[in-house]
Amino acid sequence: MVSGAVKVATSAADERMMRTVGLDVAAALEKRRLPGFQGVVAVTDEGVIVYISPSLDGRFGVDFATAVGRNFVEFVDLDDAGQAIDSFGGVLAKPGYHPALEIRVGPVGGDRTTVDVVAENCLDSDLAVVVMNLADSRERSMSAHLMNAQAEVVRQIALGGSLATAFESIAGFVATALPGFGAVAYVREGDCFVGWGSGIDLDAVTAVEHALATDPAYI
């Protein structure tokens with residue numbers, strides 16, 4: 001059950017969000033957000049949603065007004081519901097953080113988004129809720145990929161690698177992180193531009209090189 005720390009009242013400071021907790025509780029919940037996660041969802045020990053971060057309102061196709069007061073399992077894909085329920089049972093049994101869970105969520109009868117969920121059992125604290133950190137799985141994977149790419153480029157430069165190798169790595173990382181997209185990087189050498197690309201259509205490369213060669217702004 002939810003303790004008196006979670007008040008069933010709408011905050012005048014943010015009526016649009018129709019928050020069901022006081023501002024002090026909302027602030028405490030937001031402090032539970034983990035780095036790299038888009039927001040938190042607070043639920044009772046019965047799985048009823050009592051709070052959603054403003055940053056999550058409308059994300060994954062679920063709005064605050066629709067979700068608050070309903071069980072979180074309603075927004076989990078049917079094929080993942082059993083896994084979500086089992087995991088939630090484990091969360092209830094032990095205070096603190098629990099291993100990440102990957103499930104598909106979204107509006108009832110709507111499109112689903114695969115998200116990473118890390119639950120924290122705060123039932124024995126003043127909050128008296130379970131706090132779920134949510135992040136779009138693809139965005140988290142992309143962020144991790146780009147961080148690794150950055151580290152690799154820095155490593156290459158530190159080891160005295162050539163500029164060509166660094167640019168090739170950057171273009172390749174972008175093309176991998178964004179399927180269907182490509183990248184091309186250019187560096188000026190005298191009066192010319194030398195470039196390295198990956199996943200770019202030849203016509204697009206030709207157009208870019210033509211612009212570089214003919215537009216005085218680039219010289």
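# Reading contacts, strands and salt bridges

Mentor: Start with one residue. Leaving aside its neighbours within four places in sequence, C122 is in contact with R32, L127, A128, V129, V130 and V131. Keep in mind that this is a predicted model.

Trainee: Now a helix. Which residues of α1 are buried?

Mentor: List the buried residues, then ask where they point. In helix α1 (residues 23-30) they are V25, A26 and L29. These residues cover an arc of only 100° around the axis, which means that they lie on the same side of α1.

Trainee: What covers the buried residues of α1?

Mentor: Look for the elements in contact with them. The cover includes three strands: β1 (39-43), β2 (49-52) and β6.

Trainee: Let us turn to β5. How many of its residues are buried?

Mentor: Count along the strand. Seven of the nine residues of β5 are buried, so the strand is mostly covered.

Trainee: Which strands are joined to β5 by bridges?

Mentor: Go partner by partner, noting bridges and direction. Strand β3 (residues 96-97) is joined to β5 by two bridges, and the pair runs antiparallel. Strand β4 (residues 101-105) is joined to β5 by five bridges, again antiparallel. Between β5 and β6 there are seven bridges, also antiparallel.

Trainee: Which residues stand opposite each other?

Mentor: Take one example per pairing. Y97 has E120 of β5 as its bridge partner. E102 stands opposite D116 in β5. N121 has V130 of β6 as its bridge partner.

Trainee: Next, charges. How many salt bridges does the structure hold?

Mentor: Side chains of opposite charge can pair when their charged atoms come close. This structure holds six salt bridges. One of them joins R70 and E74, with the closest N and O atoms 2.8 Å apart. R70 is partly exposed, with a relative accessible area of 28%. E74 is partly exposed too, at 36%.

Trainee: What does the salt bridge of R112 and D77 tie together?

Mentor: Check the distance, then the elements. The side chains of R112 and D77 meet at 3.8 Å, N to O. R112 lies in the loop between β4 and β5, and D77 in the loop between α2 (64-67) and α3 (78-93), so the pair ties together parts 35 residues apart in sequence. R112 is partly exposed, with a relative accessible area of 28%. D77 counts as buried, at 14% relative accessibility.

Trainee: And what about R104 and D80?

Mentor: Read this pair in two steps as well. The closest N and O atoms of R104 and D80 are 2.9 Å apart, in a salt bridge. R104 lies in strand β4 and D80 in helix α3, so the pair ties together parts 24 residues apart in sequence. R104 is partly exposed, with a relative accessible area of 30%. D80 counts as buried, at 9% relative accessibility.

Trainee: Which residues are linked in a network of salt bridges?

Mentor: Follow the links from pair to pair. The network holds D77, D80, R104 and R112.

Conventions. Residues are numbered from 1 along each chain as its sequence is written. This is a predicted model: local features need pLDDT of at least 70, side-chain atom pairs count only at pLDDT 80 or more; totals for chains, interfaces and linings use all residues. Side-chain values use heavy atoms; hydrogens and water are left out. Contact means heavy atoms within 4.5 Å. Buried means under 20% relative accessible area, exposed over 50%, partly exposed in between (1.4 Å probe, protein chains only). Helices (H or I, at least four residues) and strands (E, at least two) are DSSP runs, numbered from the N terminus. The arc is that of the directions from the helix axis to the C-beta atoms. Two strands pair if DSSP finds at least two bridges between them. A salt bridge is a side-chain nitrogen of Lys or Arg within 4 Å of a carboxyl oxygen of Asp or Glu.
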